[in-house]
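Subject: Structure handover

Hi,

Here is the structure for you to look over. Please open it alongside these notes.

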Amino acid sequence: MSKGKYYITTAIAYTSGKPHIGNCYEAILADSIARFKRKEGYDVFFQTGTDEHGQKIELKAEELGVTPKEFVDNVAGTIKGLWDLMDTSYDKFIRTTDPDHEKQVQKIFRRLYDQGDIYKGAYEGLYCTPCESFWTESQLVDGKCPDCGREVKPAKEEAYFFKMSKYADRLIEHINAHPEFIQPVSRKNEMMNNFLLPGLQDLCVSRSSFKWGIPVDFDDKHVVYVWLDALTNYITGIGYDCDGNSSQQYAKYWPADLHLIGKDIIRFHTIYWPIFLMALGEPLPRQIFGHPWLLQGDGKMSKSKGNVIYADDLADFFGVDAVRYFVLHEMPFDNDGVISWELMVERLNSDLANILGNLVKRTISMSNQYFGGIVSDQNVVEDVDAQLKAIVTGAVDRVSAKMESLRVADAITEIFNVFKRCNKYIDETEPWVLAKDEARRDRLSTVLYNLVEGIVIGASLLEPFMPGTAVKIADQLQTSLRSFDSLHTFGQYPSGNHVTEKPEILFARLNVKEVVEKADAMFAERKAAAQEKEASQEAGIDLEAKPEISYDDFAKLQFQVGEIIACEEVKKSKKLLCSQVRIGSQVKQIVSGIKQHYTAEEMVGKKVMVLVNLKPATLAGVVSEGMLLCAEDADGNLALVSPEKDMPAGAEIC
């Protein structure tokens, strides 16, 4: 019987590149909570996905010579592949380029504008492109972006703004009335003291300096700013409709029970997002948890250093479930965790290979050695059995209590206490001694039965965190994992059942020196490849030399700066654009084969280098009166040649 619904989300991953293990941690954490809630009997919906708009992506795509959509399709595929590799059981993977999401964002923007929450203005400030955020001078840290520490540049542009202060008091009241709303408490105090209580500034919710975003449908110069676009995925992904025709799924699952996010984006989720929902008249999520970061033990992960650790790297070295165990067990509740190759090996050897793997192997091996693999309860009980049973049957309540407060690492510790107690039980009962006394054979059978039962209960609790390992354990004991509501009862393993004849090694011990050397070699190879690629890009391009010309020949060519004032596609051609180019007081019509590299809209306003005294020619039925000069790389990518400084249209190039 279902205990009700449970809707959990991660922050959607930004598609600027492949996420490292610290980014993957959030998806694994959310998955463990979702799986646990399912085992508890909840109707769970788990949503994750990708955030795919913004200036940073537009610039990266331009650098690679691909369209922004091609770029995000590739990266979104990589992210989804990593989430799948790490065995995350999401119910929906949303992309902010999904047509239904984009449509709803446009409707939301228009509604907020129509009801007076959004107004048009202009923004001037210091802009951080990686964070896509404007800052004031006072907000900078050492003159740099307070979020990422990178350089900021002065910027000014027309924009739409949301009236945040209109809802600030209402949000403060909600936070005070719902102490569980923002967790941990340190994050709540930070938001209240640093942002809400000092007073909220109006929020920029559109951009006009780039095109890669969801267009504002009543003002095509603007695209919806990333946070209004990205945050609304939590409702659009389950069928929210701004016109009031939301789906049954939305009615069932909203409000979200848990938004799981990184501590670096807590402000957007605990201030901006609730205020957007208030403006839409929708309920607020029940809880927002800002988890800490997973840091690299020997310093910050850096692509330039070539030391970035990815989830698939770790899975290749240690296996998927070992990676899941490590990131979940090593992350404190409200402090940053640390990952290193040495620590991974230590945890695998001590916890997974020794405490868990060796317990399962010893128990199965003894069952085969002494009873031909048959496990039966002969009910020959001693005092030590009661202690084991109390620890094992009480574990589900202890684990559930830890999970209720999102203390996942502590929950896993409680599960491993079950396995530790089983190992201690072996030392206490000494099965190898019992086996020497035929009169104690029934007692030996009972001991092995108790061990198998304890392992099954522990494995059933372990399933949300290490699903593959839990299933392997159950398979070797030739039984099924159990529901949580049955774990208070000891003795459900079928007496007389067989275990597998040859136990599988769950986790093989590793040599730390060999692992570190292998990792160092991998990083060195990556760094060398990156340096080789960079060197090849810097080496330039050699072209076959053309015949020499005299200065008189060159002097016949007239080059001037032109300003493109209009541009359109040549209808009869797949390659040509027709530009109207102002050169001094004249306007020349120039046809160029650059349609695969520039849109007509992108061309307008550009200052370009023009060969103006080229004999007119007709291309695809259109007269061309000059030539725009372009540079071309080895891959055929084109870039218009423009003056380094702003020069007037008509200036001579000499």
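This is a predicted model: local features need pLDDT of at least 70, side-chain atom pairs count only at pLDDT 80 or more; totals for chains, interfaces and linings use all residues.

Four strands form an open sheet, in the order E6-E5-E7-E9. The pairing is antiparallel. E6 (133–135) and E9 (203–204) are the edge strands. Each has a single partner strand, so one side of each lacks a neighbour in the sheet. E7 covers residues 153–162 and pairs with E9 over 2 bridges, in the antiparallel sense. Phe-162 sits opposite Leu-203 of E9.

**H11 and H13**

Helix H11 spans residues 311–318, and helix H13 spans 341–371. Their axes come within 12 Å and cross at roughly 40 degrees. H11 and H13 are therefore oblique to each other. The crossing of H11 past H13 is right-handed. H11 contributes Leu-314, Phe-317 and Phe-318 to the contact. H13 contributes Trp-341, Met-344, Val-345 and Leu-348. That contact counts 7 nonpolar residues, no polar and no charged.

**H5 and H10**

Helix H5 (residues 165–177) packs on helix H10 (residues 266–280) at an angle of about 105 degrees. The axes lie 10 Å apart. H5 and H10 are therefore roughly perpendicular to each other. From H5, the contact takes Tyr-167, Arg-170 and Leu-171. From H10, it takes Thr-270, Ile-271, Pro-274, Ile-275, Met-278 and Ala-279. The contact of H5 with H10 divides into 7 nonpolar residues, 1 polar and 1 charged.

Best regards

Terms used: Residues are numbered from 1 along each chain as its sequence is written. Side-chain values use heavy atoms; hydrogens and water are left out. Two strands pair if DSSP finds at least two bridges between them. Axes are lines fitted to C-alpha atoms, for helices over the stretch in contact, and angles run from 0 to 180 degrees between N-to-C directions. Angles under 35 degrees count as roughly parallel, over 145 as roughly antiparallel, 65 to 115 as roughly perpendicular and the rest as oblique. A crossing is left-handed if the near helix is turned anticlockwise from the far one by less than a right angle, and right-handed if clockwise. Contact means heavy atoms within 4.5 Å. Ala, Val, Leu, Ile, Met, Phe, Trp, Tyr, Cys and Pro count as nonpolar, Asp, Glu, Lys and Arg as charged, and the others, Gly among them, as polar.
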